Amino acid sequence: MRRLLALVLALALPACSSAVTAREPVHWVWSGAVTPDSAVVKAKLDPQEGALRLRISGREIAPDVDDVDGVAVFRLDGLTPATRYDYRVLWGDSSFLDGRFQTFAEGPMSFRFVFGSCARTGSNHRVFEVMESLEPLFMLHMGDFHYVNIGTNDPARFRLAFDEVLASHRQSSLYRSAPIAYMWDDHDYGPDDSDRTNPAKPAALATYDAIVPHYPLELHDGKPEDVHQAFTVGRVRFLLTDGRSHRVPDDAPDGPDKTMLGATQREWLLDEIEAARGRYSLVVWVNTVPWVTERGSGDGWGRYDWERRYIADRIRNAGMVNRLLMLSGDGHMVAIDDGTNSNFATDAQPGERGFPVMHAAPLDRYARHKGGPYSHGKAGRRVLFGLIQIQQFGLAEIQDDGNILEVTLSGRNESGDLLEGMSLRLRCDASGCLPLN
Ligand SMILES: [Fe+2]
């Protein structure tokens, strides 16, 4: 009888969710905002159950923030650079959920990270286990963390969406084994193709701020207006832009008023890129949507051509084209362009390289190709006309001896194997970064 009941229950459960049975008082924990000497850990306890503590480095600490919905925020300062920290969530006399992170080095650092976007809500696919097995320094998530497509200004719905993803055994295990750096895209910010008119925007912003362990956000009257953020690992500067919160609807006519980033965020990005000159070996711009798209058409920057050209001109004028790498998601494909097709600066000469661009998606979703052409092509088999989900991600390996910094980018399948032709090496020295293949 018990077996029959278990079988009925198993059949009734949605195929995409993980097998969470008994509800533990501690729902989830994850970390982020790591620097050489600090990190943030956020954990959720059933709101009825009182307070959590965190054990780390032999100390037990109380949360800095304990919100009404049970999310505890632990801000960890005074940490030692380049050191592994293990943490454990404590509640009463019991302990739940272990996690770990490594602080970044203060000088040049060799490291690897995994990156990707787009997973069906609460996916428990083994691709997340494969990513975890690579022991990345962090996981860079480039959007579509879920596909709940919330169009009402209701924080409770966003919180539930996070809970659903973090209840996935394999995803939450990955996020406990490595800190996250996360930029949203349309489906996890609002409905499909959402922009600044999304009625759910205030709830999306507030919930992101409360639940995600993120780097500092720019606040206006105490509140974020988007979730752009930046961080540094060794000699690499990461800039994550929010392409949704200020986005003018894509059917508006193109021109100086049509923006994907909003003027303030765009200036922040360009100031950062200009200030990086002579300071960092490489700048990684995490821009979620396709950059290489035909003018005036398709998804991504093609319909924001004025702004794309403006950004490309500023990057060229700053002499930073050969210090920049763009990482993107959105298109459910792995695609690499070595700079052959990515130069959208005014009067770009034939053969004048842009910066390299790599897409890495989907983590667990249907194949869908966007943009191009890409020098290395696109990978992402369409199974049954694209109706079956596939799993892909990106791996970046950085070797830095303090003089030469080398980046090896590769696209991986669900087993972690190299997708044919999907790799690119960059070698950065005092004069800039050049593709090696
Ligand atoms: Fe997606």
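In what order do the 7 strands of the open sheet stand? The order is E14-E15-E16-E17-E19-E18-E21, with mixed pairing.

## Basis

This is a predicted model: local features need pLDDT of at least 70, side-chain atom pairs count only at pLDDT 80 or more, and totals for chains, interfaces and linings use all residues. Residues are numbered from 1 along each chain as its sequence is written, and side-chain values use heavy atoms, leaving out hydrogens and water.

## Overall build

The protein chain has 8 helices and 26 strands. These are DSSP runs numbered from the N terminus (helices: H or I, at least four residues; strands: E, at least two).

The C-alpha atoms fill a box of roughly 70 × 50 × 45 Å along the principal axes. Buried residues (under 20% relative accessible area, 1.4 Å probe, protein chains only) make up 57% of the 437.

## The open sheet

Strands E14 (229-233) and E21 (378-379) stand at the edges; each has a single partner strand, so one side of each lacks a neighbour in the sheet. Two strands pair if DSSP finds at least two bridges between them.

E17 (residues 324-328) and E19 (residues 357-360) pair in the parallel sense over 3 bridges. Met326 has Val357 in E19 as its bridge partner.

Technical notes
Buried means under 20% relative accessible area, exposed over 50%, partly exposed in between (1.4 Å probe, protein chains only).
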